[in-house]
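This report is for a reader meeting the structure for the first time. Please look over the sequence and the model before reading on.

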Amino acid sequence: MDEITNPPADVAQEPNERAAQPADPAAEADKWKAMSRENEKRWKQAAAELDRFRQAQMTEQEKAIEQARQEARRAALSEVGTSLAEAEVRAQAASAGVSVPTDYLDLARFVGEDGRADREKVTAFISSLPKPTPPEPEFPQLMGAGYHRSGGAAVTTMDPNELADIIAGGSFI
């Protein structure tokens with residue numbers, strides 16, 4: 001029983017058929033995306049069916065409570081939704097280098113049905129804005145303006161005659 005059994009040589013040497021055929025990554029990704037969409041569609045259908053079943057089993061009082069909850073949720077999201085849309089507009093405008101005065105925008109246009117900011121609408125709006133041009137300097141750049149070291153002789157005295165000699169020699173100024 002101490003012996004280790006190895007598979008027959010012909011089985012161990014045989015390559016796996018799947019490993020021998022390289023799969024196209026794009027086709028593989030498309031296959032998984034399609035399967036994901038199908039599963040999401042089935043999940044939404046099952047969730048809708050479950051909601052219908054729950055609605056059918058509710059009493060009138062439970063239905064009234066659920067309706068009040070839905071109205072409160074919509075009201076809360078409508079209040080917060082415009083703030084979320086404004087934040088999204090400002091964030092995308094800042095990343096694009098554009099300034100947007102949100103005071104005059106109808107931010108409700110950028111709120112989706114779920115009460116959150118609709119990124120596609122915001123992106124479309126930001127991309128439609130004109131790109132800013134880099135500003136030209138107000139003043140020409142002057143050489144010597146500001147702090148600089150003089151390249152001439154060091155002034156060691158304040159004697160007017162020596163200063164005149166330095167200036168006349170061109171080593172000062």
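## Model and confidence

This is a predicted model. The mean pLDDT of the protein is 79, and 75% of its residues reach 70 or more.

Helix 3, residues 25-57, has the highest mean pLDDT, at 92, while helix 1, residues 9-13, has the lowest, at 52. Where pLDDT is low, the predicted coordinates should not be read in detail.

## Overall layout

The protein has 6 helices and 0 strands. Along the sequence this gives the pattern α-α-α-α-α-α.

Of the 173 residues, 10% count as buried. Among contacts in the protein with a separation of 6 or more, 53% are between residues 24 or more positions apart.

## The largest nonpolar core

The largest nonpolar core has 11 residues in all. These are Ala85, Val89, Ala93, Val98, Val100, Leu107, Phe110, Val111, Val122, Phe125 and Ile126. Helix 4 (60-96) and helix 5 (119-128) each supply at least two residues of this core.

One of the core residues is Val111. Leaving aside residues up to four places away in sequence, Val111 touches Gly81, Thr82, Ala85 and Arg116. Ala85 is itself listed in the core.

Threonine 102 lies in the loop between helix 4 and helix 5. Its relative accessibility is 4%, so threonine 102 counts as buried. Apart from residues up to four places away in sequence, threonine 102 touches Glu86, Val89, Arg90 and Leu107. Val89 and Leu107 are both members of the largest nonpolar core.

Glutamine 92 lies in helix 4. Glutamine 92 counts as buried because its relative accessibility is 16%, and the cut-off for buried is under 20%. With residues up to four places away in sequence not counted, glutamine 92 touches Arg119, Val122, Thr123 and Ile126. Of these, Val122 and Ile126 belong to the largest nonpolar core.

## The largest pocket

The largest pocket has a volume of about 180 Å³. Which residues line the largest pocket? The lining consists of Gln70, Arg73, Arg74, Leu77, Gly112, Glu113, Asp114 and Gly115.

By class, the lining has 4 charged, 3 polar and 1 nonpolar residues.

Conventions:
Residues are numbered from 1 along each chain as its sequence is written. This is a predicted model: local features need pLDDT of at least 70, side-chain atom pairs count only at pLDDT 80 or more; totals for chains, interfaces and linings use all residues. Side-chain values use heavy atoms; hydrogens and water are left out. pLDDT is the predictor's confidence in each residue, from 0 to 100. Helices (H or I, at least four residues) and strands (E, at least two) are DSSP runs, numbered from the N terminus. A nonpolar core is a set of buried Ala, Val, Leu, Ile, Met, Phe, Trp, Tyr and Cys residues joined through side-chain atoms within 4.5 Å. Buried means under 20% relative accessible area, exposed over 50%, partly exposed in between (1.4 Å probe, protein chains only). Contact means heavy atoms within 4.5 Å. On a 1 Å grid over the protein atoms alone, a cavity is a set of points where a 1.4 Å probe fits but cannot get out, and a pocket is an open set with protein on both sides within 12 Å along at least five of seven lines; lining residues have an atom within 4 Å of a point. Grid points are joined across faces, edges and corners, and a volume is the space filled by probe spheres set on the points. Ala, Val, Leu, Ile, Met, Phe, Trp, Tyr, Cys and Pro count as nonpolar, Asp, Glu, Lys and Arg as charged, and the others, Gly among them, as polar.
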